[in-house]
Amino acid sequence: MDSLRKILLLLTVLLTGCTSVQVAHLGKRLHEPFRISPVAELRISPRTEQTLRTYDIEKKLAVDLAPTIASARRALTQEPTLDLNFAVAELAFLEGNRLQVSSRERALEMYLLSAQHAYAYLFDPQFQRRRSGFDPHFREACQFYNRSFEKVLRLLGTVKSVDLHHGQVYSLAVDGTEYPIGCQHLTGLWGTEPMEPFRFASDVTVKELKSEYRQYGLGVPLLARRQEGSRGHKTTKYTPDRLCFPVTAVLRFVPPQTPIGKYQVNAVIELYDPLATLGTTIAGQQVPLESDLTTPIAYSLSDPHVTKMSTLGLLRSDLLLKPFSELTGKKAAEKSNDPDDEAAGTDEFSDDDWSRKTVKGLYLTQPFEQGKIPIIFIHGVWSSPMTWLEMFNTLRSEPAIRDRFQFFFYFYPTGQPFWVSAAQLRDDLAEFRATFDPQRTDPAFDDMVLVGHSMGGLLSHLQTIDSGNAFWKLVSNESPETVLTGKSDDVKAEAMKWFFFQANPSIRRVITIATPFQGSKASNNVTQWFGKTVIKLPENVRSVVAPNELLTKQSLLKVQTSIDSLSADHPIFDVMRQKRQESTVHYHNILGELDAPDWWKRSVAAGDGVVTTTSARLEHCDSEITVPSEHTTIHAHPRTIQEVRRILFEHLRATR
């Protein structure tokens, strides 16, 4: 048992590429959608003190601020000024903090009042010439607006049991008068689908990720999920279960009795998708949205079930090929019968399509957008799409990149030989295009970019070459019909996909990271024995892979696992290198090389600890750089991410 544990530890160190993402919940659990923040210190700023003194307004902080607020609002009706609006916004916020435990109804009113006067400070046209973005009050007014509006949303959930839905109107009381507030989904790739109760991005802190990307502006960043059981469509088919995505809420104060549907409202809660919209227009001004792009995706992937998928993909590759519904026990989503449902019609997919969806396959983090170039990330052995989170987080934060590209992740069984996985990727890419571009009229599809780490780089390269008979010659000197005699038609068809294929003409550029182009010494007698012992292959692979007197000595059909397939002794790497020279695809390579003392370099081949520098080199590529990193973390290294970023901008210039 000790030796087995050592082998397991060795494999973990050498082969894993999975990133573990954690989020910490601040305060109460997020199953309670609207949480009350701790009471802030009650302290009036010196400038508000001065404003109250200027207008001879008495304050009684020890008792309550309601009389002071009422006096300031009366003064404001007589002489509208920026300073008085700011003072009311600050005083109402402090009073809301004081009341939020003892009287939430009254606190809700105070926070709404604070947001309203901060909004007036920022956007009332009568102050346009006197308002200055250089005044510290300007940014403080933004903060009062954002923080007060967030408190309003939290209290709407706890006091009014409100969930935000498109077209709904909620009634509050302000100064004893009804104050209706409507809700609208103004922009968003997800449309107006029903959402679960929103969670607040500020309730979650992200661990493990080195960078968090936010845009500062107006609004409250939220975490959104579609309601479970909502009607299925093409996006759902490629969306991870329970995916979380960013939303920014903005409270727009409108002239009283503004119509929203059949209702009249005084304000509107507008919900924006910050991935689709960077800002909005208020009172003729372009206003950036406050947004958080990192927390939603980190929250989605922090599920402990997700972190187990890398091990499942290695040791139980058979499970990843089962229908998703069978593996999860979930039923297909119900389709909408509403003729007014904008997402119905051509965007639907059938229950049969859903039930056939396997865990293996392509995944996206937002709905597909026609005209955007697909980037597909392909992980390595004992890994999962989570390994790309650091790079994805950084690249998606770049507006110029996310405006022109859309990101996909490929999840596949990493226990099977890599040419088997490459054949499955070939089929999945074909199905992907048939789903979203059946007429092949979207030119963005013909500029596709693949990014592969470790074994994922080998899968990527096998998409860009024509096999001819070269790969079958590595199987047998006899014909496929002779070798596969006695096999079922399905088994024969499966095997033919492995060894006979054509390059995918849609792929224009391939980026490989720490890829063993000549195999890896990590595939040795010990690790190969371990792989044969613990890895359970899918039935379609087991039925083909069998010893046969018609096979060559190093026949690919004798290779049982991915660990075997990465052996530096296999001639497949020479064939791949020869075929790659014929390709017109642009190749870019990134390899790792650990810093080591001279005495170590003299005895151990240079490399990233798993793949040697010699094996990681790529002939006839457009660019190649070396990054001082180990194998399992190189794709999260800042230099690697910046190089991928550079290549993507080069790709954009070329496509123009």
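Lys579 is found in helix α23, which spans residues 572-580; helices here are DSSP runs of H or I with at least four residues, strands are runs of E with at least two, and both are numbered from the N terminus. At 17% relative accessibility, Lys579 counts as buried; buried means under 20% relative accessible area, exposed means over 50%, and partly exposed lies in between, with a 1.4 Å probe and protein chains only. Setting aside residues up to four places away in sequence, Lys579 touches Ile465, Asp466, Ser467, Gly468, Ala470 and Phe471, where contact means heavy atoms within 4.5 Å.

Before going further, a word on provenance. This is a predicted model, in which local features need pLDDT of at least 70 and side-chain atom pairs count only at pLDDT 80 or more, while totals for chains, interfaces and linings use all residues. Residues are numbered from 1 along each chain as its sequence is written, and side-chain values use heavy atoms, with hydrogens and water left out.

Now the chain overall. It holds 26 helices and 19 strands, and of its 656 residues, 55% count as buried. Among contacts with a separation of 6 or more, 78% are between residues 24 or more positions apart.

Which residues touch the most other members of the largest nonpolar core? They are Tyr145, Leu251 and Ile269, in a core of 103 residues. Such a core is a set of buried Ala, Val, Leu, Ile, Met, Phe, Trp, Tyr and Cys residues joined through side-chain atoms within 4.5 Å. Helix α5 (residues 104-123) supplies the largest share of this core, 12 residues. Beyond four places in sequence, Leu251 touches Leu112, Ala115, Tyr119, Tyr145, Phe149, Ile181, Ala267, Val268 and Ile269. A second, separate core has 60 residues, including Val420, Ala495, Val541 and Tyr587. As background, nonpolar side chains in soluble globular proteins tend to be buried together.

I turn to helix packing. Two packed helices are described by the angle between their axes and the distance between the axes. The axes of helix α2 (residues 46-54) and helix α4 (residues 82-99) come within 9 Å and cross at roughly 120°; axes are lines fitted to C-alpha atoms, for helices over the stretch in contact, and angles run from 0 to 180 degrees between N-to-C directions. The α2 and α4 crossing is left-handed, meaning that the near helix is turned anticlockwise from the far one by less than a right angle, whereas clockwise would be right-handed. On the α2 side, Arg47, Thr48, Thr51 and Leu52 meet Asp83, Leu84, Phe86, Ala87, Glu90 and Leu91 of α4.

Helix α4 also packs against helix α6 (residues 136-159): their axes come within 10 Å and cross at roughly 35°. This crossing of α4 and α6 is left-handed. From α4, the contact involves Asp83, Phe86, Ala89, Glu90, Phe93 and Asn97, and from α6, His137, Glu140, Ala141, Phe144, Arg147, Ser148 and Lys151.

Helix α8 (residues 294-301) has eight of its eight residues buried, so it is largely enclosed by the rest of the structure.

Another helical residue deserves mention: Thr394, in helix α14 (residues 389-396). Thr394 is buried, with a relative accessible area of 14%. Its side chain reaches the backbone oxygen of Glu390 at 3.1 Å. Leaving aside neighbours within four places in sequence, Thr394 is in contact with Tyr213 and Ile641.

Next, backbone geometry. Most residues other than glycine have a negative phi. Ala514, which is not a glycine, has a positive phi of about 50°; Ala514 sits in the loop between β17 (507-513) and α20 (525-534) and is buried, at 0% relative accessible area. His620 also has a positive phi, near 60°. Is His620 buried or exposed? His620 is exposed, with a relative accessible area of 59%, and lies in the loop between α25 (613-616) and β19 (623-627).

Cys621 lies in that loop between α25 and β19 and is partly exposed, at 22% relative accessible area. The C-alpha atoms of Cys621 and Asn589 are separated by 7.0 Å, though the residues are 32 apart along the chain.

Finally, how many disulfides are there? The count comes to zero, a disulfide being a pair of cysteine sulfur atoms within 2.5 Å. Elsewhere, Cys142 is buried at 8% relative accessibility, and Cys244 is buried at 4%.

Technical notes. A polar contact is a pair of N or O atoms within 3.5 Å; within protein, one must be able to donate a hydrogen and the other to accept it, and residues adjacent in sequence count only if both atoms are side-chain atoms.
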